[in-house]
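Thanks for coming. I have one structure to show today, and I will keep to what can be read from the atoms.

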Amino acid sequence: VCSSDLNDELDAIFSALLLGRVPHAWTSAYPSTKPLASWSIDLVDRVDQMRLWGQRTPKVFWLAGFTYPTGFLKSLQQQQARRDHIAIDQYGWEFFVLPSEERTIMNSAKEGAYVRGIYLEGAGWSEEGNCMCEPKPMELIVNMPIIHFKPKRIESSKVVTNNQIFKCPLYMYPVRTGTRERPSYVVTVDLAAGEAPPEHWIKRGSALLLATSD
């Protein structure tokens, strides 16, 4: 590496640090729109999750803490496929939003995984009805309860349309388009639409996020 190129890169890093921004050279680790302070905390939390997982299996997983969350989800389907002796491509997902808090969960999920740290953008969440609702004034993003991601075998013969379910896309971070190298889309999560029809939330552009810009 040419010394001048190295100096230019270090200058760019130092300039970004002075401005409280994540240096461009560091953004190759994983996509994020967080400022430097939040990004640093996020990085430490990611390392801690992997370190603790090396000691014991977590009861609840922080999906945003994985560089490739789609890979983690695919591994859950693979585990279920091996138990059932069925091809992995025959599995989809079933989702259950849990009313209980993380501290009340005593055991890990028998099938799939409990997932925390997901945000809902463009809608509110009713704890009483366990469904989507109108957000409070000036409330753009809300925290979602723990969601149970459970692999479910796809039954092609049964195609059921539920007008009470909103097919909500889940993205890695607020830039929904992602990049050419790293798409932001992860999976589509079924959420109870509440009193409004699913079309209402589609027009709102409602979506789930693994991370915010804060």
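I will go from the overall chain to the sheets, then to one serine, and end with salt bridges.

Please keep in mind that this is a predicted model. The chain holds 214 residues, and 38% of them count as buried. Its C-alpha trace spans about 65 × 45 × 35 Å along the principal axes. The accessible surface is about 13,300 Å², with 54% of that area belonging to carbon and sulfur atoms. As for secondary structure, there are 4 helices and 11 strands. If you take the contacts between residues at least 6 apart in sequence, 64% of them join residues at least 24 apart.

Now the strands. In general, strands of a sheet pair through backbone hydrogen bonds, and the pairing is either parallel or antiparallel. Here, 5 strands make up an open sheet with mixed pairing, and their order is β7-β4-β11-β9-β10. Which strands stand at the edges? They are β7, residues 141–143, and β10, residues 185–192. Each has a single partner strand, so one side of each is left without a neighbour in the sheet. On average, neighbouring strands of this sheet are turned by 30 degrees against each other, direction ignored.

Inside that order, β4 (residues 119–121) and β11 (residues 207–209) run antiparallel and are joined by 3 bridges.

With β2, residues 91–97, it pairs over 7 bridges. In that pairing, tryptophan 93 stands opposite proline 151 of β8. With β3, residues 113–116, β8 also pairs in the antiparallel sense, over 3 bridges. There, tyrosine 114 has histidine 148 in β8 as its bridge partner.

Next, serine 126, which is found in strand β5, residues 124–126. Is this serine buried or exposed? Its relative accessibility is 16%, and the cut-off for buried is under 20%, so serine 126 counts as buried. Its side chain reaches the backbone nitrogen of glycine 129 at 3.0 Å. Leaving out residues up to four places away in sequence, serine 126 touches Cys131 and Cys133.

Last, the salt bridges. How many does a search of the whole structure find? The search finds 9, and I will go through some of them.

One of them joins the side chains of arginine 46 and aspartate 42, at 2.8 Å from N to O. Why are these two about one helical turn apart? Because they are 4 residues apart in helix α2, which covers residues 36–53. Arginine 46 and aspartate 42 are both buried.

Another is between arginine 103 and glutamate 101, at 2.9 Å from N to O. Arginine 103 has a relative accessible area of 69%, so it is exposed. Glutamate 101, at 44%, counts as partly exposed.

Then there is the salt bridge between the side chains of arginine 180 and glutamate 181, at 3.7 Å from N to O. Arginine 180 is exposed, and glutamate 181 is exposed too.

How values were computed
Residues numbered from 1 in each chain as written. Predicted model: local features only at pLDDT ≥ 70, side-chain atom pairs only at ≥ 80, totals over all residues. Heavy atoms only, no water. Salt bridge = Lys/Arg side-chain N within 4 Å of Asp/Glu carboxyl O. Buried < 20%, exposed > 50% of the residue type's maximum accessible area, 1.4 Å probe, protein only. Polar contact = N/O pair within 3.5 Å; in protein donor to acceptor, adjacent residues only side chain to side chain. Contact = heavy atoms within 4.5 Å. Pairing = 2+ DSSP bridges. Axes fitted to C-alpha atoms, helices over the stretch in contact; angles between N-to-C directions. Areas by Shrake-Rupley, 256 points an atom, 1.4 Å probe, with all protein chains shown as cover.
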